[in-house]
Number of protein chains: 6
Amino acid sequence: MAEDHDERRRRLARAFTEALPAPEEIREDWGLLIVDTVLPNGVWSRPGLSLRDRSLITIAALTALHRPNELRLHIGRGLDNGLSRAEIGELIMHMAIYGGFPVAVEGMRIAREVFDARDAAEKG
Amino acid sequence: MAEDHDERRRRLARAFTEALPAPEEIREDWGLLIVDTVLPNGVWSRPGLSLRDRSLITIAALTALHRPNELRLHIGRGLDNGLSRAEIGELIMHMAIYGGFPVAVEGMRIAREVFDARDAAEKG
Amino acid sequence: MAEDHDERRRRLARAFTEALPAPEEIREDWGLLIVDTVLPNGVWSRPGLSLRDRSLITIAALTALHRPNELRLHIGRGLDNGLSRAEIGELIMHMAIYGGFPVAVEGMRIAREVFDARDAAEKG
Amino acid sequence: MAEDHDERRRRLARAFTEALPAPEEIREDWGLLIVDTVLPNGVWSRPGLSLRDRSLITIAALTALHRPNELRLHIGRGLDNGLSRAEIGELIMHMAIYGGFPVAVEGMRIAREVFDARDAAEKG
Amino acid sequence: MAEDHDERRRRLARAFTEALPAPEEIREDWGLLIVDTVLPNGVWSRPGLSLRDRSLITIAALTALHRPNELRLHIGRGLDNGLSRAEIGELIMHMAIYGGFPVAVEGMRIAREVFDARDAAEKG
Amino acid sequence: MAEDHDERRRRLARAFTEALPAPEEIREDWGLLIVDTVLPNGVWSRPGLSLRDRSLITIAALTALHRPNELRLHIGRGLDNGLSRAEIGELIMHMAIYGGFPVAVEGMRIAREVFDARDAAEKG
């Protein structure tokens, strides 16, 4: 049913803008734009590349562009999408060549934080 | 009087480098360069675009270039120059298209902080 | 009628990918993503900012990010959306401060090309 | 034999700097740095990610960073490493979200050029 | 005499905007801003670093930021300011580490063009 | 002796990844890549530019690219390599022109932090 689909979109949009704050004046539309264009209904829902492939290229771009906050989220998502910790380390090292060592130093630091947080959560 | 004009430049330059720290060795010249080239005597003083227009394009550039600290200052200044909160949200959403969603996620977060701080200051 | 709306989307999508070439394998979906997310049905269709304001911020971002090919298109569109040549020059000069003089040098060169091409077209 | 290995390095280094010109004064060392650090003996030779994975992340980074000349080389190499044309198109579309639509417009244009050149070479 | 100083500024400003075209509407002010802020009267005229040092850091920034047109000008100026061809090659190689190999590949190509053009001019 | 050389590489690599954390899975190789490609055995060990020159261009690139964490390290190293505080301030001011004022504002803030920390350490 179209209505249910729309309710789900709005629920997801609210969830995004609770995790990623936005001004009240634009919050609902911004959340819906993310839902429809990015995920779960946007490019991430297209069948042309696997979720693992999409995590690879997203982490690559966020490392090379030096976007530390988004990178943190997507390293976690990459683990959920089937990348191993070793593969994520390998990918960030590869980015030292294409985006420069400083962006890879930052990427390594963030990956370490995400992995340590997962270890702590599992132990806890 | 030229002297008074110069005294005002030096007072403004000192104010800038109190808000935006710089090494003692360069501090005075750096403050004067900002005063003369940026504001209040630089590009911001030119009549060819309104202050509201200049705030629009400055916030656009700082969002797209991912310069969070300067963006915080200029979102506040944008409100002072006549932009509404809704317009600033709209502008940051537009930047998702031209600079990528990650820079807009950061921009939304910073705009929310600035707006919340203004609300708190008004209540306080 | 939904069908007519969809036909229009597809016609516009084809027009985009004739002007901006893309691989055959992705061309149709890519054109539709631009139509729905960017223009004419995406952020550019939202009422929260005027077309003139959207041209200002788009040209600002493309200048600061050093995207010469897209900048050329959007300087032309900015003229169509009501910006004067003097305002576009003023905007690019402002970007020298926020993105550095080299991006403004490029922006000035491209603006000059666009303006000269319009003059030639009017005379021709 | 170590000597043969070194001869191969020097031959490859010369081949790189014929394709990618460099000043005579640095040319040999520059070619050797690429051979040892990038490929074939650098990060590209590490077993932690497949060649297809490395092409995915390299094309992602070069698209997002707007490096058109290197992107052209790596789209061709990506085809050789097992990426399909549809996958490359999908990857560039994904970058519209993370690096902005302008970098994807450029990426699509370059991918189309590479694919057309391969078609022409096959026919010719 | 102040007047002569101003005449010189205007002559230099005109020369800049002949080499680096700008729209007629902004051309004079743009040229004057470059003269007063960049060179010869701006940061380049300050005694705190030698001209050779300023060429080093300018070429470094333009290589790392991937600004090919401005880089071409400043490699030539660097030779005039006392950098050797070998030093310029060394500097661009260093940038491979901090900005990524693709920006250094471009830098090497442009340096080679500038050096070849100088050789041709000397022979011619 | 080759063995001793290798032991030294591994000791330095461990020191790097203690200061700059990385995932356990890649940590050793990542540290070795830095040792061999960056410093002390990589580009920084080449004789073509002095250590002072290399600090100048590294600080220039890190300021212009807006890499605050790496910039902090390299401003300290620049002092150790013979740059004066006044020269570092001058260099960051120069970057306002080529990378935009916002990156120089950040650079000035970080330089001030590094200088203040050195003063505190000397007094302490």
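## Salt bridges between chains D and A

Six salt bridges link chain D and chain A, each a side-chain nitrogen of Lys or Arg within 4 Å of a carboxyl oxygen of Asp or Glu. The side chains of D:Glu90 and A:Arg46 form a salt bridge, at 2.5 Å from N to O.

This is a predicted model, in which local features need pLDDT of at least 70, side-chain atom pairs count only at pLDDT 80 or more, and totals for chains, interfaces and linings use all residues. Residues are numbered from 1 along each chain as its sequence is written, chains are lettered from A in the order in which they are written, and side-chain values use heavy atoms, without hydrogens and water.

## The D–A contact

Chain D gives 29 residues to the contact and chain A gives 29 residues (contact: heavy atoms within 4.5 Å). About 2600 Å² is buried between chain D and chain A, 70% of it from carbon and sulfur atoms. Buried area is the accessible area (1.4 Å probe) that two parts lose on being put together, summed over both.

## Helices α5 and α6 of chain D

In chain D, helix α5 (residues 85–99) packs on helix α6 (residues 101–123) at about 165°, with axes 7 Å apart. α5(D) is therefore roughly antiparallel to α6(D) (angle over 145 degrees, on a scale from 0 to 180 between N-to-C directions, with axes fitted to C-alpha atoms over the stretch in contact). Helices are DSSP runs (H or I) of at least four residues, numbered from the N terminus.

Residues of α5(D), including D:Ile88, D:Ile92 and D:Ala96, meet residues of α6(D), among them D:Ala104, D:Met108 and D:Phe115.

Methods:
Helix = DSSP H or I, 4+ residues; strand = E, 2+ residues; numbered from the N terminus. Parallel < 35°, antiparallel > 145°, perpendicular 65-115°, else oblique.
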